[in-house]
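Dear colleague,

Please find below the sequence and the structure that I am handing over to you.

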Amino acid sequence: KPGEQKHSKEPSSLQCMHLAVVACGDRLEETLIMLKSAVLFSNRRLCFHIFAEDSLKPEFGKKLKEWPSSYTKKFEYNIYPITFSVGNAQEWKKLFKPCAAQRLFLPVILKDVDSLLYVDTDVLFLRPIDDIWHILKEFNSTQLAAMAPEHEIPKIGWYSRFARHPYYGTTGINSGVMLMNLTRIRSTQFKNSMIPSGLTWEEMLYPLYQKYKNYITWGDQDLLNIIFYFNPECLYVFPCQWNYRPDHCMYGSNCKGAEEEGVSILHGNRGVYHDDKQPTFKALYEVIRDFPFEDNLFQSLYYPLQSKFLDTVHTLCGRIPQVFLKQIEKTMKKVYENRVIVYLGANHRY
């Protein structure tokens, strides 16, 4: 593809878990910390698909090459330009946040990829990607994408109170973490509000935007809500711990899955990693950012995190530290146990 930078042999879809992200503006560091969290905990090989503005491409390559070889051998990556296959490119690029609409075009661009996990730049993995990747096997015969609800409680949800367009379910869906079977998306005829017959994904995008552009607030996420309103059988809804946002704790704890299992994927939307509105989210971001790759996970990641959390107990999210710590502690124990077993197996044959 024109402008695409490749840094490995062609990935095998069977061996690789594909992760896509779109980075524009000042999102370089945030994206690298997200990728770092993915590499720290995951087991299977990862294939990163990084869509970036031209000004950011050299920096991504430079920074990723600085990571130690013990981690770079766990992934391969391609860097792509920002491109839109239909409609006005500048219009798409400015929709909601810079370049965010690029995610709508992933099935069209990544034609050789069967399945993919898309995440926003402000996401942190607190457990292996392997675990959300397994959800693909839970899709029934009509499901082709998975997302979490935008909110758990309709009476305080944004879509249920303010939306001026169709949306999925009772609270809408959040597109910051989106698991996709691209093969199914490419081969499906989608019901829509424009013509009686079905349209392919690519055929549908621009007319849908033209029809609803004066009614949408959250850009591409609203378009996805409209698509799955008309095609609800195509969506698998996973629970809130896979896309845990400040809304889940700033009004009191309202994500039961996180209370029971811990947060699996943290989504620090609204810039909370970079201000002081949600110090619990900021603490997690800073600890993963500052973790030296080769250090001990418990000593240089988990214990500093516990210490930082002590300073957040006066906040609503900080009052439930176990929600944030449970899954990451479990994940680190598994990583540690796996390394000990490998070490013993290699050196002592028992």
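**Salt bridges**

Arg103 and Asp120 form a salt bridge, with their closest N and O atoms 3.4 Å apart. The term salt bridge stands for a side-chain nitrogen of Lys or Arg within 4 Å of a carboxyl oxygen of Asp or Glu. In general, side chains of opposite charge can pair when their charged atoms come close. The pair joins distant parts of the chain, 17 residues apart: Arg103 lies in the loop between helix 4 and helix 5 (106–109), and Asp120 in the loop between strand 5 (115–119) and strand 6. Helices (H or I, at least four residues) and strands (E, at least two) are DSSP runs, numbered from the N terminus. Arg103 and Asp120 are both buried. Here, buried means under 20% relative accessible area, exposed means over 50%, and partly exposed lies in between (1.4 Å probe, protein chains only).

Before going further, please note that this is a predicted model, in which local features need pLDDT of at least 70 and side-chain atom pairs count only at pLDDT 80 or more, while totals for chains, interfaces and linings use all residues. Residues are numbered from 1 along each chain as its sequence is written, and side-chain values use heavy atoms, with hydrogens and water left out.

The structure holds 15 salt bridges. One of them joins the side chains of Lys191 and Glu233, at 2.8 Å from N to O. This pair also links distant parts of the chain, 42 residues apart: Lys191 is in the loop between helix 8 (182–187) and helix 9, and Glu233 is in the loop between helix 10 and strand 9. Lys191 counts as partly exposed, at 43% relative accessibility, and Glu233 counts as partly exposed at 32%.

Arg27 forms a salt bridge with Asp26, the closest N and O atoms being 3.8 Å apart. Asp26 is exposed, with a relative accessible area of 68%, whereas Arg27 is partly exposed at 25%. Asp26, Arg27 and Glu30 are linked in a network of salt bridges.

**The two domains**

How is the chain divided? It consists of domain 1 (17–238) and domain 2 (241–345), with bounds that come from an automatic or database domain assignment. The centres of the two domains, taken over C-alpha atoms, are separated by 23 Å. Domain 1 gives 33 residues to the contact and domain 2 gives 34, where contact means heavy atoms within 4.5 Å.

The size of an interface is often given as the accessible area lost when the parts come together. Between domain 1 and domain 2, the buried area is about 3100 Å², and carbon and sulfur atoms give 62% of it. Buried area is the accessible area (1.4 Å probe) that two parts lose on being put together, summed over both. In domain 1, Leu124, Leu126 and Arg127 lose the most area to domain 2, together 24% of what that side buries.

The count between the domains is 1 salt bridge. The side chains of Arg245 and Glu150 meet in a salt bridge at 3.8 Å, N to O. On the side of domain 1 that touches domain 2, helix 1 (28–41) supplies the largest share, 7 residues.

**Two buried positions**

Is Thr331 buried or exposed? Thr331 is buried, because its relative accessible area is 2%. This residue lies in helix 14 (residues 321–348). Leaving aside neighbours within four places in sequence, Thr331 is in contact with Phe41, Leu126, Arg127 and Pro128.

Gly262 is in the loop between helix 11 (256–261) and strand 10 (265–267). Gly262 is buried, with a relative accessible area of 0%. Not counting residues up to four places away in sequence, Gly262 touches Gln241, Gly257, Val323, Lys326 and Gln327. Gly262 and Arg127 are 135 residues apart in sequence, and their C-alpha atoms are 9.9 Å apart in space.

**A covered helix**

Helix 10 (residues 220–230) is mostly covered, with 9 of its 11 residues buried. Among the buried residues are Asp220, Leu223, Ile227 and Phe228. Their cover includes helix 4 (89–93), strand 7, helix 7 (158–162), strand 8, helix 9 (201–212) and strand 9 (235–237).

With kind regards
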